[in-house]
Amino acid sequence: MLLLILTSLWASPCVTSLLPHQDYLEILMDNVVYLQVPHNQNTRVQVPLTCGQSYQDQAVFWKKDGKEVEPALRGSSVSVVVEEMDGGNYTCHSGSDGRVLNHTLVLVKLESDNHRVILEKPPTGGPIHCSAPNYKGAFHCKWKRMRSRSSASVLQVKVQRNRTTIPCTLLADGSGVHCQDSSCPHVEEQHHISITVHIRSHARLEEYSKQFFLRDIVRPDKLQNLRSSEESLFSWDLPDTWAQPCSFYSLEFEVKVVDDDRHCSGEGHTLGSITDERQFKVDLESKGYIFCVRARDKFTSGPWSHWSHCAVPENQMKTC
């Protein structure tokens with residue numbers, strides 16, 4: 001299907017503030033354009049559309065969001081007025097049989113990022129959260145829609161490092177992407193990874209972006225095979241996904257002992273320590289407790305892994 005050609009853009013006489021057309025119109029992708037308008041201003045923008053050169057001499061009529069426009073729009077080249085956030089999908093149809101010939105999705109994006117409403121913003125960090133289990137180049141970025149915008153759809157995701165595109169796959173539910181960076185994991189990073197997400201809810205378009213180094217988002221998977229001996233010596237193995245050799249990609253471990261009615265992620269603890277060793281001896285009386293351990297990159301002090309834990313009942317030793 002041919003890309004609809006937007007030949008010009010001008011403000012209607014009722015517009016309260018007149019801006020040059022290049023400040024309004026942007027092409028996002030094939031058949032998708034958006035108007036970038038100031039927040040809290042009553043804007044009315046007249047947008048000329050054309051069905052395409054192949055249909056210049058044919059009888060053509062237009063619909064907006066599947067419904068015929070009132071007053072009727074006929075002809076290969078027409079103008080539509082987009083008032084405030086009232087964009088939509090404009091389709092041109094054959095006058096003889098009604099089949100769709102072409103379409104343009106016209107969206108509206110507010111200039112200020114302070115009025116974005118589609119994605120949730122957690123208490124810490126931005127709307128986009130990225131993580132990687134190691135330095136092999138694979139990473140995952142995710143986001144969460146507001147409940148009132150649960151039907152919002154992702155139109156475009158761009159991920160780049162130093163202007164080179166990183167291949168990514170959008171999850172089926174549109175809640176994130178899986179990406180694979182081909183940069184050598186043994187070379188120190190010189191350039192950020194950048195991700196930009198364009199997502200729409202009805203005719204509203206919003207843009208979200210994030211920059212990071214891979215070393216800042218590496219979060220090891222949970223430690224494996226946590227076990228204990230009769231002498232209360234706990235030991236564990238590195239996750240299978242952690243990069244080798246261990247001497248190059250060193251981990252440090254946080255050890256915590258909490259009461260048996262508490263969780264590893266809680267604030268209070270009986271014993272806490274940071275160690276480079278993959279074992280730890282607990283010297284406590286027979287009181288029941290939970291042994292907790294997690295890992296992170298020793299040299300970047302990045303995010304901690306999820307906790308691995310072992311419950312030790314009172315007056316007995318339980319193999320984890």
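Student: What percentage of contacts between residues at least 6 apart in sequence join residues at least 24 apart, and what makes something a contact?

Tutor: It's 64% in the protein chain. A contact means heavy atoms within 4.5 Å.

Student: Where do these coordinates come from, and what are the ground rules?

Tutor: This is a predicted model, so local features need pLDDT of at least 70 and side-chain atom pairs count only at pLDDT 80 or more, while totals for chains, interfaces and linings use all residues. Residues are numbered from 1 along each chain as its sequence is written, and side-chain values use heavy atoms, leaving out hydrogens and water.

Student: How confident is the predictor, and where is confidence lowest and highest?

Tutor: pLDDT is the predictor's confidence in each residue, from 0 to 100. The chain averages 86, with 88% of its residues at 70 or more. Confidence is lowest in strand β1 (residues 10–11), with a mean of 36, and highest in strand β14 (residues 168–170), at 98. Over residues 1–21 pLDDT stays under 50, although the model has 52 contacts beyond four places in sequence for them.

Student: How many helices and strands are there?

Tutor: One helix and 24 strands. Both are DSSP runs numbered from the N terminus: helices are H or I with at least four residues, strands are E with at least two.

Student: Why is strand β20 called largely enclosed?

Tutor: Buried means under 20% relative accessible area, exposed over 50%, and partly exposed in between, using a 1.4 Å probe and protein chains only. Eight of the nine residues of β20 (residues 251–259) are buried, so the rest of the structure largely encloses this strand. Across the 320 residues of the chain, 42% count as buried.

Student: What makes β20 and strand β23 a pair?

Tutor: Two strands pair if DSSP finds at least two bridges between them. β20 and β23 (residues 289–297) have nine, running antiparallel, so they qualify under that cut-off. In this pairing Lys 256 stands opposite Cys 292. On β20's link to strand β21 (residues 271–275), there are five antiparallel bridges, with Glu 254 partnered by Ile 274.

Student: What is the strand order of the open sheet of four strands, and which are its edges?

Tutor: The order is β21-β20-β23-β24, with antiparallel pairing. β21 and β24 (308–312) are the edge strands, each pairing on one side only. Neighbouring strands are turned by 15° against each other on average, direction ignored. For such angles, axes are lines fitted to C-alpha atoms (for helices, over the stretch in contact), and angles run from 0 to 180 degrees between N-to-C directions. β23 and β24 share five antiparallel bridges, and Cys 292 stands opposite His 309 there.

Student: What about the open sheet of three strands: which order does it have?

Tutor: β18-β19-β22, again with antiparallel pairing. Its edges are β18 (224–228) and β22 (279–281), each pairing on one side only. Here the twist averages 10° from one strand to the next. Three bridges hold the β18 and β19 (residues 233–237) pairing, including Ser 228 with Phe 234.

Student: What makes a set of residues a nonpolar core?

Tutor: Buried Ala, Val, Leu, Ile, Met, Phe, Trp, Tyr and Cys residues, joined through side-chain atoms within 4.5 Å. The largest one here has 44 residues, and Phe 139, Ile 195, Trp 236 and Phe 291 have the most contacts inside it. A second, separate core of 22 residues includes Leu 35, Val 47, Val 60 and Val 108.
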